[in-house]
Amino acid sequence: MPAPTTMPLGGTALDDLGVRLHDGVGTLRIWSQNASAVELVIFDATDLDWETAQLPLERQPGGVWEVSSELLQPGIRYAIRVDGPHGPGNTFNPETLLLDPYARGLAQGDGYEEWRSVVIADGFDWGGVPKPAIPLDRTVIYEGHLKGMTKRHPDVPPALHGTYAGLAHPAMIEYFRSLGVTAVELLPVHAFVPEPRLLERGLTNYWGYNTLSFFAPHTAYATEESRKGGPEAVLAEFKGMVRLLHEAGLEVILDVVYNHTSEEGIGGPRSSLRGIDNTSYYRQQPDGAYVDTTGCGNTLDTATDAGARLVLDSLRYWATEMQIDGFRFDLAVALGRNAQHEYEREHPLLKAIAEDPALQDVKLIAEPWDVGLGGWQTGNFAAGWSEWNDRYRDRARNFWLSDIDYARRASAPVGIGGFANRLAGSANTYSEERGPLASINFVTAHDGFTLHDLVSYDVKHNEANGEDNRDGADMNRSFNHGVEGPTADPSILAARRKAMRNLLGTLLLSAGIPMLTAGDEFGRSQRGNNNAYCQDSPLTWLNWTHEPWQQDLREHVALLTRLRAENPALRPARFARLGEHIPESSVMDWFDQNGETMEVEQWNDPRNRTLQYVAASVPVDGAANRILLIVHGTEAPIDVRLPESIEGASSFVSLWSSADERPDGNGQRFQPGDVLPVPGTSMHLFRVE
């Protein structure tokens with residue numbers, strides 16, 4: 001990993017932690033400010049309980065402990081023991097075998113906590129394949145579970161099902177490219193373990209938000225051949241996956257969980273940081289009680305140099321040695337809390353991540369909340385960061401689902417103004433400096449209902465999780481369209497399909513960066529389970545056998561991603577300003593159903609849920625581009641007159657309509673002033689010529 005060109009967090013004292021191989025020996029460096037002794041323990045290559053050597057580490061300046069030995073060679077299994085004072089916050093135990101927090105490889109013995117660190121010799125032939133470097137405005141993210149995407153794919157060989165190699169199989173690459181996505185965002189692939197409470201119930205942690213190591217890839221996602229070959233082979237398979245995806249022009253984004261670890265609360269597993277220096281690595285009160293802003297038992301203390309540096313060094317390793325293109329930070333607010341546990345937009349770690357030279361070419365995506373006090377911070381990250389936009393998600397769901405549900409019993413509760421704001425890039429959430437690309441637009445994600453279930457269930461059905469349906473979100477803004485769950489009623493099924501098309505159309509035609517959840521493009525279901533984190537089964541694995549309506553839905557998505565790529569007006573990088581020439585922006589005009597400019601009072605009038613949205617690109621070079629999008633948000637059909645006042649517009653070419661069961665794409669032309677019959681709850685996209 002290249003050395004930083006600026007002074008890193010904690011200074012040079014924290015450089016080169018973990019094992020570094022040089023001159024025929026290995027040097028192990030461990031940070032523990034409060035330890036009184038640290039010991040290196042070497043194990044037999046095949047028996048992880050057989051200690052073959054013990055070596056003391058010597059204390060160095062800055063709280064670092066160090067030892068060099070010829071015994072530290074590639075493939076060697078090792079652990080550390082740490083002793084120190086007793087008292088509030090300290091949990092030292094000189095008998096406990098601990099993982100090196102910087103270990104690049106892991107080996108597991110027979111027990112739940114029988115893990116050993118493994119010395120790794122970094123190196124891989126990337127064959128000159130560069131990172132794709134997809135511009136943000138052209139990025140379309142596909143969020144999925146590495147195992148779940150290929151576990152049941154009929155064209156992926158069984159030996160590769162659910163593996164790194166399987167994800168990079170030609171069948172998957174062809175699928176990603178045909179769908180039009182540009183980046184695959186993987187749920188956690190850092191080494192993780194299931195919580196003991198789940199194992200006791202016969203379940204597991206499927207999603208992986210329970211990190212054991214910030215540097216080692218999850219071994220279980222490697223093929224059997226690589227697992228038998230050991231950590232070096234697992235690492236090579238992961239890198240091979242990245243290389244093949246890059247060759248195909250696809251980026252790899254990792255969902256990373258730095259906010260907490262698998263050690264849970266006090267009394268939980270003791271595998272690494274808790275035994276090395278609990279006081280310094282975890283947020284806590286003066287009496288040693290944990291400050292938990294993650295809801296997972298502990299919170300990594302990034303107000304300390306050591307905690308923040310651990311995160312930064314891990315990111316730099318994955319971005320350089322592993323060639324990762326971007327990171328989505330789970331509960332990112334937890335990383336930006338100061339010593340008083342308050343969120344700071346300019347927190348040293350958040351600034352260091354955005355400014356580190358090794359991270360300048362990676363995409364930084366924050367989940368802008370945690371569960372602590374002041375934890376909701378959507379719109380409050382600095383320039384250089386994009387954020388999951390939960391306001392966008394909620395408004396899109398409300399407009400197409402819960403508002404329609406309400407209107408069936410009374411009348412629509414709100415007008416179209418709030419929805420239009422989200423469609424145009426959420427300028428009321430993100431500053432002019434950051435622009436619309438600060439918004440990661442999404443309608444669904446790994447947690448919550450799938451798209452199919454969002455239009456098919458009013459309430460969650462999580463009984464299979466073993467918590468009496470108490471887990472998972474109660475507020476989903478979903479609408480079952482008249483029947484809870486499966487039905488054979490053709491009118492309800494048709495309404496559900498159109499609702500899915502409306503939500504997907506909104507997602508892929510909005511300003512911002514769209515994130516599509518794997519399987520939503522063909523309407524996969526989890527049978528109403530909106531918190532399937534513990535379900536490693538066909539419930540969560542993608543089913544690649546599709547009915548005709550699912551194939552049609554997928555074709556809609558492929559068409560929408562193509563139209564997004566072909567029409568720059570749909571993907572501005574900057575917000576426009578009235579009367580100014582702003583390159584890379586889209587100048588937007590808004591018309592009502594009669595083709596007249598929208599009046600102020602129409603925006604929030606619940607009786608007005610129809611608009612025509614015109615976006616005109618302002619290119620740096622090349623030809624300008626204009627689109628018109630009709631949005632109609634009630635179930636009654638309506639006649640819409642195309643605007644006659646758009647300067648230079650002579651015709652409108654039909655590109656896509658959510659009212660079509662199958663994508664039409666016939667390119668029918670209409671003239672300004674033409675009146676179009678628009679079906680209830682639908683969208684229609686045109687190119688303006």
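**Figure 1. Cavities of the predicted model.** A search of the whole structure finds 9 cavities of 30 Å³ or more. A cavity is a set of points, on a 1 Å grid over the protein atoms alone, where a 1.4 Å probe fits but cannot get out. Volumes are the space filled by probe spheres set on the points, with grid points joined across faces, edges and corners. The model is predicted: local features need pLDDT of at least 70, side-chain atom pairs count only at pLDDT 80 or more, and totals for chains, interfaces and linings use all residues. Residues are numbered from 1 along each chain as its sequence is written, and side-chain values use heavy atoms, with hydrogens and water left out.

**Figure 2. The largest cavity.** Its volume is about 150 Å³. The lining (residues with an atom within 4 Å of a point) consists of 15 residues, and Gly144, His145, His446, Arg524 and Thr540 lie nearest the centre. Two elements give two or more residues to this lining, β11 (141–144) and α1 (146–150). Helices (H or I, at least four residues) and strands (E, at least two) are DSSP runs, numbered from the N terminus. By class, the lining of the largest cavity has 6 nonpolar, 7 polar and 2 charged residues. Ala, Val, Leu, Ile, Met, Phe, Trp, Tyr, Cys and Pro count as nonpolar, Asp, Glu, Lys and Arg as charged, and the others, Gly among them, as polar.

**Figure 3. The second largest cavity.** This cavity has a volume of about 130 Å³. It is lined by 15 residues, with Leu212, Ser213, Thr261, Ser272 and Leu273 closest to its centre. The lining of the second largest cavity divides into 7 nonpolar, 6 polar and 2 charged residues.

**Figure 4. The largest pocket.** A pocket is an open set of points with protein on both sides within 12 Å along at least five of seven lines. The largest one holds about 1200 Å³ of space. Its lining comprises 39 residues, of which Trp207, Leu331, Glu367, Asp447 and Asn531 lie nearest the centre. Helix α10 (residues 390–409) gives the most to this lining, with 4 residues. The lining of the largest pocket has 15 charged, 12 polar and 12 nonpolar residues.

Figure 5. Arginine 328 is part of strand β14 (residues 326–329). At 0% relative accessibility this arginine counts as buried (under 20% relative accessible area, 1.4 Å probe, protein chains only). Its side chain makes polar contacts with the side chains of aspartate 330, at 3.2 Å, and glutamate 367, at 3.0 Å. A polar contact is a pair of N or O atoms within 3.5 Å; within protein, one must be able to donate a hydrogen and the other to accept it, and residues adjacent in sequence count only if both atoms are side-chain atoms. Leaving aside neighbours within four places in sequence, the contacts of arginine 328 (heavy atoms within 4.5 Å) include Glu185, Tyr209, Asp255, Trp388 and His446.

**Figure 6. Aromatic pairs.** The whole structure has 29 aromatic pairs. The rings of tryptophan 31 and tyrosine 281 have centres 5.6 Å apart and planes at 80°, so the pair is edge-to-face. Tryptophan 31 lies in strand β2 (residues 25–31) and tyrosine 281 in helix α7 (residues 273–281), 250 residues apart. Rings of Phe, Tyr and Trp (its six-membered ring) pair if their centres lie within 6.5 Å; planes over 60 degrees apart count as edge-to-face, under 30 as stacked and the rest as tilted.

Definitions and conventions: Buried < 20%, exposed > 50% of the residue type's maximum accessible area, 1.4 Å probe, protein only.
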